[in-house]
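Subject: Handing over the model

Hi,

Here is the structure I promised to pass on.

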Amino acid sequence: MVTRVAVVGPAGWGTQHIRVFTERPDTEVVAVVGRDAGRTAAVAARVGANPYTDIGAMVDGERPDLVTVALPNEAHFEPTRRLLRTGIPLLVEKPLVFSLEEADVLLDEARASGSFFAINFNHRYAEPVKRAKSAVDAGSLGDLVFTTWRFGGEANHGESPHKNLIETQCHAFDMLEHLLGPIVSVMAQMTDKTYGAYSTVALALEFASGAVGTLLGSYDSSYAYPETHRLEVNGTAGRLTVVDTVKSFTLSRAGDESTERWEAGYFNDEARSFERTFDRYVDDMLAALRRGIEPPVHASAGRRALFLAMKTIESFDSGTRKDTRS
Ligand SMILES: NC(=O)c1ccc[n+]([C@@H]2O[C@H](COP(=O)([O-])OP(=O)(O)OC[C@H]3O[C@@H](n4cnc5c(N)ncnc54)[C@H](O)[C@@H]3O)[C@@H](O)[C@H]2O)c1
């Protein structure tokens with residue numbers, strides 16, 4: 001069965017949405033929705049889809065099996081709410097939205113309409129991250145004790161002074177809880193010294209397991225730097241590292257001077273590619289959609305990342321540690 005997909009927001013990262021769903025044999029892009037009629041028509045023509053500049057007209061004209069949304073970071077709320085009201089299954093990009101009130105409205109709408117509501121936390125599907133998760137779950141690290149995360153590059157300017165924290169570091173919150181379990185408190189430092197927004201944040205984290213962590217997220221760095229992303233998880237029996245999300249995974253065991261290392265092999269372009277983490281996520285997401293079960297990463301994970309960001313902001317504003325149990 002071919003799943004008929006509509007893509008809302010067809011440029012920028014939306015080009016990946018179009019690529020993923022046109023390359024697959026089991027999906028077809030039937031519609032694209034953009035702002036500019038001429039540009040949208042050109043994109044639609046390339047993939048044999050119908051162009052629209054209005055979401056309502058697209059829904060009425062196509063009744064797709066799935067809509068995916070890749071709109072600018074701070075413009076997710078209204079289009080997402082509108083789509084949820086149709087009951088058509090939905091895959092949205094991170095971040096869910098920029099306010100908890102809006103997040104709750106969306107999750108309530110999804111409950112009311114019974115909509116399949118997925119969010120694209122594709123970093124979980126990177127090969128090094130999958131290996132990290134397997135190592136943690138297999139107990140290879142022993143009892144987890146601490147983690148450290150650093151991630152960032154050039155600034156993505158926007159309206160919110162906390163865009164880095166909400167739009168980019170949502171991946172950090174999502175992945176750290178994916179690997180180490182719930183974060184129960186945060187304390188934050190932030191700087192706005194470069195252009196007025198809080199472009200670099202440094203957090204101290206406490207996990208329910210008793211482990212602790214640090215999170216350094218920055219818009220004052222460069223994606224050109226080697227190891228612009230680095231994750232380390234340490235336990236009583238071993239340590240793992242993930243570099244640049246897709247680049248490498250290492251596993252070391254306490255007292256053993258040899259290290260197991262994974263990097264994509266010569267021909268393994270699939271695992272080497274950041275973009276292909278999205279394809280992997282879509283494999284699981286479509287399987288869930290077809291089985292009629294909840295998505296592998298429900299939009300509520302986007303609300304959770306936003307909640308942690310909001311508690312981080314409260315911590316910085318008040319100069320105190322904030323409880324993050326929800
Ligand atoms: N999951 C990932 O790895 C990943 C990677 C990159 C970006 N993203 C996310 O993808 C989303 C899009 O990012 P981007 O960098 O492409 O953003 P962007 O601001 O560059 O562009 C989004 C697209 O939406 C279009 N658009 C704007 N308003 C519209 C409207 N009202 N109707 C239809 N189309 C409209 C724009 O013309 C543009 O084509 C963001 O949420 C971003 O965080 C996710």
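First, the ground rules. This is a predicted model, so local features are reported at pLDDT of at least 70 and side-chain atom pairs count only at pLDDT 80 or more, while totals for chains, interfaces and linings use all residues. Residues are numbered from 1 along each chain as its sequence is written.

**Domains**

The protein chain is assigned domain 1 (3–122) and domain 2 (123–276 + 306–323); such bounds come from an automatic or database domain assignment. Taken over C-alpha atoms, the two centres are 28 Å apart. Eleven residues of domain 1 and 16 residues of domain 2 make up the contact, where a contact means that two C-beta atoms, placed from the backbone, lie within 7 Å. On the domain 1 side that touches domain 2, there are six nonpolar, three polar and two charged residues. For those classes, Ala, Val, Leu, Ile, Met, Phe, Trp, Tyr, Cys and Pro count as nonpolar, Asp, Glu, Lys and Arg as charged, and the others, Gly among them, as polar.

**Helix α10**

A note on names: helices (H or I, at least four residues) and strands (E, at least two) are DSSP runs, numbered from the N terminus. α10 covers residues 276–291, and at 1.5 Å a residue its 16 residues should span 22 Å; the end C-alpha atoms are 23 Å apart, which agrees. That expected span is 1.5 Å times one less than the number of residues.

Which residues of α10 are buried? They are Thr-277, Phe-278, Tyr-281, Val-282, Met-285 and Leu-286. Down the axis of α10 these fall within an arc of 160 degrees, so they line one face of the helix. The arc is that of the directions from the helix axis to the C-beta atoms. Buried means 20 or more other C-beta atoms within 10 Å of the residue's own, exposed means 12 or fewer, and partly exposed is in between, with C-beta atoms placed from the backbone.

The buried residues of α10 pack against β1 (3–8), α1 (14–23), β5 (90–92) and β6 (117–119). Turned away from that buried side are the exposed residues Ala-287, Arg-290 and Arg-291. After α10 comes Gly-292, with a positive phi near 75 degrees.

In α1, the buried residues are Gly-14, Gln-16, His-17, Ile-18, Val-20 and Phe-21. They pack against β1, β2 (27–33), α2 (37–47), β4 (66–69) and α10.

As for the ligand, 20 residues surround it, and the closest are Gly-9, Ala-11, Gly-12, Trp-13 and Pro-72. A residue is near a molecule or strand if its C-beta atom, placed from the backbone, lies within 6 Å of it. The shell around the ligand has nine nonpolar, seven polar and four charged residues.

**Helix α5**

α5 takes in residues 100–113; at 1.5 Å a residue its 14 residues should span 20 Å, and its end C-alpha atoms are 20 Å apart, which agrees. Ala-103, Leu-106 and Ala-110 are buried in α5. Their arc is within 65 degrees seen down the axis of α5, so they line one face of the helix. Covering these buried residues are elements including α4 (77–84), β6 and α11 (300–318). On the face turned away, Glu-101, Asp-104, Asp-108, Arg-111 and Ala-112 are exposed. Gly-114 follows α5, and its phi is positive, near 70 degrees.

**Spots to look at**

- Lys-311 lies in helix α11 and is buried, with 22 other C-beta atoms within 10 Å. Leaving out residues up to four places away in sequence, Lys-311 touches Val-186, Lys-322 and Thr-324.
- The Lys-94 to Pro-95 peptide bond is cis, with omega near -10 degrees. Pro-95 sits in the loop between β5 and α5.
- Arg-63 is a residue other than glycine with a positive phi, near 40 degrees. Arg-63 is in the loop between α3 (55–62) and β4, and counts as exposed with 12 C-beta neighbours inside 10 Å.
- Asp-244, again not a glycine, has a positive phi near 50 degrees. The loop between β12 (238–243) and β13 (248–253) holds Asp-244, which is partly exposed, with 18 other C-beta atoms within 10 Å.

Cheers
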